[in-house]
Amino acid sequence: MTILAIVVPCYNEEDILPETIEQLRALRQQLIDEQLISSESKIVFVDDGSRDRTWSIIYKACLRHEEVKGIKLAGNAGHQNALLAGMFAVKDVAHCIVTMDADLQDDIYVVREFVCKFHEGYDIVYGVRRKRDVDSYMKRWTAETFYRMMNRIGVKLIYNHADYRLMSRRAVEALQQFREVNMFLRGVVPLLGFPSAAVYYDRKERKAGVTKYPLMKMMRFAFDGLTSFSMMPIRFVSLLGFCSFFVSVLFAIYVLFLKMTGHTQTGWTSLILSIWLVGGLQLMAIGLVGEYIGKVYKEAKQRPRYIVDIDLLHWPMMASCDG
Ligand code: UDP
Ligand code: MG
């Protein structure tokens with residue numbers, strides 16, 4: 001029977017975690033009762049270097065419940081890397097892996113449909129939010145702009161899908177072959193090309209704790225996604241530079257013509273304007289080139305994406321030494 005692993009990245013989630021653990025255990029039990037998954041199925045919490053009591057909550061839950069497992073990363077590796085750490089750790093013991101946030105915003109009972117789709121033969125099942133009324137206007141607007149922009153430059157993102165999805169073991173194994181350090185899962189997973197399906201659900205309010213994606217971090221995430229997948233921005237800037245060069249050549253001819261015909265201008269305004277315009281364009285171009293060079297630099301170093309501190313998953317003795 002299908003062994004399911006639910007992977008939950010957690011960063012400073014002490015407020016909600018006890019409830020998340022209970023709800024996911026109940027969900028797992030329900031799916032076992034319905035004979036959809038095997039009793040070997042696990043719930044794996046990845047502590048992404050939290051500074052609060054998150055790890056101690058996970059650790060205690062691991063001691064108390066055999067189906068709960070924990071992995072503690074040595075530092076804050078970021079949401080995407082925490083997801084990868086969890087998925088790569090469980091892929092050998094699970095047939096399929098569901099990833100979800102710790103904050104219970106995404107309806108956890110959708111997992112049942114995920115598993116049904118998996119049984120129908122899909123390797124990847126995306127959870128797609130039907131409506132996002134609970135998100136702030138700003139969050140919705142930025143997200144929408146981001147999806148639209150990515151689609152325009154040719155990156156096939158699933159609209160309104162975050163990192164709530166099921167992946168089969170072979171899909172995760174294929175994912176492991178993508179060696180980029182800066183992993184943007186939402187962009188990479190559709191690239192795998194395995195049979196995929198979508199399941200729709202309503203997004204709820206965050207029950208406790210605060211979002212770990214404030215506006216600046218979200219913009220950073222979006223910009224990372226954009227520059228990881230496309231050379232379009234850099235080409236756009238080159239084009240802009242080329243156009244402004246062309247315009248300045250025309251302008252120069254015009255000014256020379258004026259000078260020759262004796263209509264010399266005082267020219268202060270146009271001078272200042274063009275200095276600022278070209279200077280700005282140059283700075284923008286340099287910044288963007290720098291962004292890509294930074295990416296190459298990061299990839300060239302081939303640093304590990306995350307470092308595991310404690311791995312209770314591969315430490316089966318833990319379950320039996322109840323304290
Ligand atoms: N998270 C993480 N590492 C981080 C930031 C976030 O593991 O550096 C986790 C967080 O605990 C949560 C999930 O990633 O389980 C998504 O974060 P959050 O709910 O704050 O994002 P939002 O849903 O508001 O976009
Ligand atoms: Mg959330």
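The secondary structure of the protein, in this predicted model, comprises ten helices and eight strands, where helices (H or I, at least four residues) and strands (E, at least two) are DSSP runs numbered from the N terminus. Residues are numbered from 1 along each chain as its sequence is written, and chains are lettered from A and ligands numbered from 1 in the order in which they are written. Because the model is predicted, local features need pLDDT of at least 70 and side-chain atom pairs count only at pLDDT 80 or more, whereas totals for chains, interfaces and linings use all residues.

The C-alpha atoms of the protein occupy a box of roughly 95 × 40 × 35 Å along the principal axes. Of the 323 residues, 30% are buried, that is, 20 or more other C-beta atoms, placed from the backbone, lie within 10 Å of their own.

In soluble globular proteins, nonpolar side chains tend to be buried together.

Around ligand 1 there are 16 residues, of which Pro9, Tyr11, Ala102, Thr211 and Lys212 come nearest; a residue is near a molecule if its C-beta atom, placed from the backbone, lies within 6 Å of it. Both β1 (4-10) and α3 (79-90) supply at least two residues of this shell.

Notes:
A residue is buried if 20 or more other C-beta atoms lie within 10 Å of its own, exposed if 12 or fewer, and partly exposed in between; C-beta atoms are placed from the backbone.
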